[in-house]
Amino acid sequence: MNRRILLVAHPRRPEALTVAKGVIDRLTHLGIEVSLQADEAKVLDLKHSNRVHIATQEMIAEETVADGCDLVVVLGGDGTILRGAEFARSADIPLLGVNLGHVGFLAEAERDDLDATVEHIANRQYTVDERMTLHVDAKFDGEVVASSWALNEVSVEKAARERMIELTIEVDGRPLSSWGGDGLIVSTPTGSTAYAFSAGGPVVWPQVEAILLVPNSAHALFGRPLVLGPDSHVAVELRTGAEVIGIMWCDGRRHIDLPPGARIEVRRGVRPVRLARLTTAPFTDRLVAKFHLPVRGWRGDGSRVRSAAGTSPRSDVWIRSQPGGTIPTPGPASQRPAPSDELEETRADDVDGKQGGEGARP
């Protein structure tokens, strides 16, 4: 049985469509079938064939788009990747993102790595990480009016720019605090570098299991971000009697209006999102590369020694320990090369010892 991959690209980004054509040609040449949604196939001027499968009107539902596929490949930024995550989660298959956007925290590869990425896909050379999700129920008068899920975050926001939204927060069945402001973000560790980060929340390593509460411009003395246990239950209530209408967003893609008195309940999702990984590079390297963090002066794990003759700070050197923990004795200062500013600087994309930081990402 031939393999099949669902390809997701932004249908209105010329760059993504150009890349998509090349990826489809490479995959089909390697004997791998490709599934596409109808709007993307139309823009690419592709017809249904033995190698290219186009979703029919009956397959538009999120649950059926990825039927028969073993991987979702997304070409685009984080927004497009979140769209692909809907299909991957429904089919319980991994997702692999190729970044064509700006930051691309969810992406595993960059455009420059495209040829190598296709080879990895063809040879199944990837591992899979499971990322925690959130389940949310919106209630009114005690009845569930909407349910959804999120990979990054669930946000409760004001619908009107000129007014504050009044919220009461509950954790594990007990009231925590009330405040007015722009809203509240309930985030996963994966989402800690997205909307929650912009609102002042902490960056949480993805292997940490936790739920983040990040107030959004809260007009309160106690409006700090909080990190809860992964099994905590969070409830957000819109104050009854207020005139401000709220809105709930899940990953910035799915939303519902919230009248005063509405209650939003968030807990850990039962089904995770599975992300394909091409390398074992640590999350630290991704953080450095994506945020262009300064790492000037980094020497790694070493011991500081001082030249016997030197009193100037320039005579101090950093050296790595030898196997067994012994430290080589530095030679006379006259025998050592003169310090160079080039040696002083460690590039952000050279943290792991080679250019590109995380290699094929992340």
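At 46% relative accessibility, Glu-209 counts as partly exposed, and in this predicted model the residue forms a salt bridge with Arg-268, the closest N and O atoms being 2.9 Å apart. Arg-268 lies in strand β19 whereas Glu-209 sits in the loop between α5 (195-198) and β14, so the pair ties together parts that are 59 residues apart in sequence. Arg-268 is likewise partly exposed, with a relative accessibility of 28%.

**Salt bridges**

The structure holds 22 salt bridges, among them one between Asp-70 and Arg-3. This pair links distant parts of the chain, with Asp-70 in the loop between β3 (52-54) and β4 (71-76) and Arg-3 in the segment before β1 (4-9), 67 residues apart. Arg-3 is buried at a relative accessible area of 11%, because values under 20% fall in that class, while Asp-70 counts as partly exposed at 22%.

Another salt bridge joins the side chains of Arg-267 and Asp-137. Arg-267 belongs to strand β19 (residues 263-268) and Asp-137 to strand β8 (residues 134-140), so the pair connects parts that are 130 residues apart in sequence. Here Asp-137 is buried, with a relative accessible area of 10%, and Arg-267 is partly exposed, with 31%.

| Salt bridge | N to O distance |
|---|---|
| Asp-70 and Arg-3 | 3.1 Å |
| Arg-267 and Asp-137 | 3.4 Å |
| Arg-268 and Glu-209 | 2.9 Å |

**The open sheet**

Six strands form an open sheet in the order β15-β14-β13-β10-β17-β18, and their pairing is antiparallel. The edge strands are β15 (226-228) and β18 (254-258), each of which pairs on one side only. Neighbouring strands of this sheet are turned by 15 degrees against each other on average, with direction ignored. At one end of the order, strand β14 (residues 211-216) is joined to β15 by 3 bridges, the two running antiparallel, and Leu-213 stands opposite Leu-226 in β15.

**Confidence**

The protein chain averages a pLDDT of 84, and 81% of the residues score at least 70. Over residues 304-334, however, the pLDDT is below 50, although this stretch has 40 contacts in the model beyond near neighbours in sequence. Residues 339-362 also have a pLDDT below 50, with 61 contacts in the model beyond near neighbours in sequence. Where pLDDT is low, the predicted coordinates should not be read in detail.

Notes
Residues numbered from 1 in each chain as written. Predicted model: local features only at pLDDT ≥ 70, side-chain atom pairs only at ≥ 80, totals over all residues. Heavy atoms only, no water. pLDDT = per-residue confidence, 0-100. Contact = heavy atoms within 4.5 Å. Pairing = 2+ DSSP bridges. Helix = DSSP H or I, 4+ residues; strand = E, 2+ residues; numbered from the N terminus. Axes fitted to C-alpha atoms, helices over the stretch in contact; angles between N-to-C directions. Salt bridge = Lys/Arg side-chain N within 4 Å of Asp/Glu carboxyl O. Buried < 20%, exposed > 50% of the residue type's maximum accessible area, 1.4 Å probe, protein only.
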